[in-house]
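The points are grouped by topic.

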Amino acid sequence: MTYQQAGRVAVLKRVAGWVIFIPALLSTLVSLLNFIYQHSKQTEGINAVMLDFMHVMIDMIRFNTGFLNVFWFNSPVPQMGSGFSSANVMFVVIYILIFVGLALQASGARMSRQVRHIREGLEDQLILEHAKGTEGRSRTQLEEKLTLPHHTIFLQFFPLYILPLIIAIVAYFIIKLVGF
C-alpha cells in the first residue's frame with residue numbers, strides 16, 4: 001500500500017472507530033442506568049435514600065436526553081443470574097464494540113503518524129535528490145519505492161484486550177458493593 005492510500009485508510013479507520021465507539025458507549029451507559037433503575041429495591045435506612053436519589057437522577061437524565069430515546073428504548077438491559085440470555089449477549093457484544101472502536105481509532109492514529117513521518121522524510125529526500133542534479137530521482141520514483149505494511153486493530157493490546165478486563169472487574173466490584 002502506498003503512503004497516500006495509507007493516509008486515506010488511516011482517516012477511514014479513525015472515523016470508523018469514532019462511529020463505532022460513540023453509539024456503543026452511549027448504549028452501554030444507558031443499559032447500565034436502566035439496570036440500576038430496574039434492580040434497585042425498596043429498602044430501609046440510608047440505602048433507601050440512596051436508591052431514591054438514583055431513581056430521581058436516572059429519571060432526570062432520561063427526561064433531559066430525549067434525543068437519546070433510541071438508546072433508552074432499545075439498549076439491552078443485562079439480567080443478573082439469567083446466564084446467556086439474549087439481552088446479556090447483546091450487552092456484552094455492545095460492550096466489546098466500545099473497545100473495537102477505540103482500537104480502530106488508535107490504529108488509524110498510528111497509521112496517520114507514520115504517514116506524516118514518511119511524507120516529511122519524502123520531502124527531505126526530494127530536496128537531497130534535487131541537489132544531486134540530473135542523476136537525482138524524481139518524486140514518483142521515490143514514491144514507487146515506498147510501501148507500508150497493513151495495520152491491524154488486533155495489535156492494539158491495551159484498548160482491545162486489557163482495558164475491557166480492567167473495566168469489567170471494576171464494574172463487578174462496584175455492583176457487588178452496591179448490593180445488586
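**Burial and fold**

Of the 180 residues in the chain, 32% count as buried. The model is predicted. Its secondary structure consists of six helices and zero strands, and the order along the sequence reads α-α-α-α-α-α.

**Overall dimensions**

- The radius of gyration of the chain is 25 Å, whereas the globule rule gives 16 Å for 180 residues, so the chain is more spread out than a compact globule.
- The C-alpha trace spans about 90 × 30 × 30 Å along its principal axes.

**Contacts along the sequence**

- Among contacts in the chain with a separation of 6 or more, 74% involve residues 24 or more positions apart.

**Helix 1 against helix 4**

- Two packed helices are described by the angle between their axes and the distance between the axes.
- Helix 1 covers residues 3–39 and helix 4 covers residues 86–132.
- The axes of helix 1 and helix 4 come within 6 Å and cross at roughly 155°.
- Angles over 145 degrees count as roughly antiparallel, and helix 1 and helix 4 are therefore roughly antiparallel to each other.
- The crossing of helix 1 past helix 4 is left-handed.
- The contact of helix 1 with helix 4 has 23 nonpolar, 10 polar and three charged residues.

Conventions. Residues are numbered from 1 along each chain as its sequence is written. This is a predicted model: local features need pLDDT of at least 70, side-chain atom pairs count only at pLDDT 80 or more; totals for chains, interfaces and linings use all residues. Side-chain values use heavy atoms; hydrogens and water are left out. Axes are lines fitted to C-alpha atoms, for helices over the stretch in contact, and angles run from 0 to 180 degrees between N-to-C directions. Helices (H or I, at least four residues) and strands (E, at least two) are DSSP runs, numbered from the N terminus. Angles under 35 degrees count as roughly parallel, over 145 as roughly antiparallel, 65 to 115 as roughly perpendicular and the rest as oblique. A crossing is left-handed if the near helix is turned anticlockwise from the far one by less than a right angle, and right-handed if clockwise. Ala, Val, Leu, Ile, Met, Phe, Trp, Tyr, Cys and Pro count as nonpolar, Asp, Glu, Lys and Arg as charged, and the others, Gly among them, as polar. The radius of gyration is taken over C-alpha atoms; the globule rule is 2.2 Å times the number of residues to the power 0.38. Buried means under 20% relative accessible area, exposed over 50%, partly exposed in between (1.4 Å probe, protein chains only). Contact means heavy atoms within 4.5 Å.
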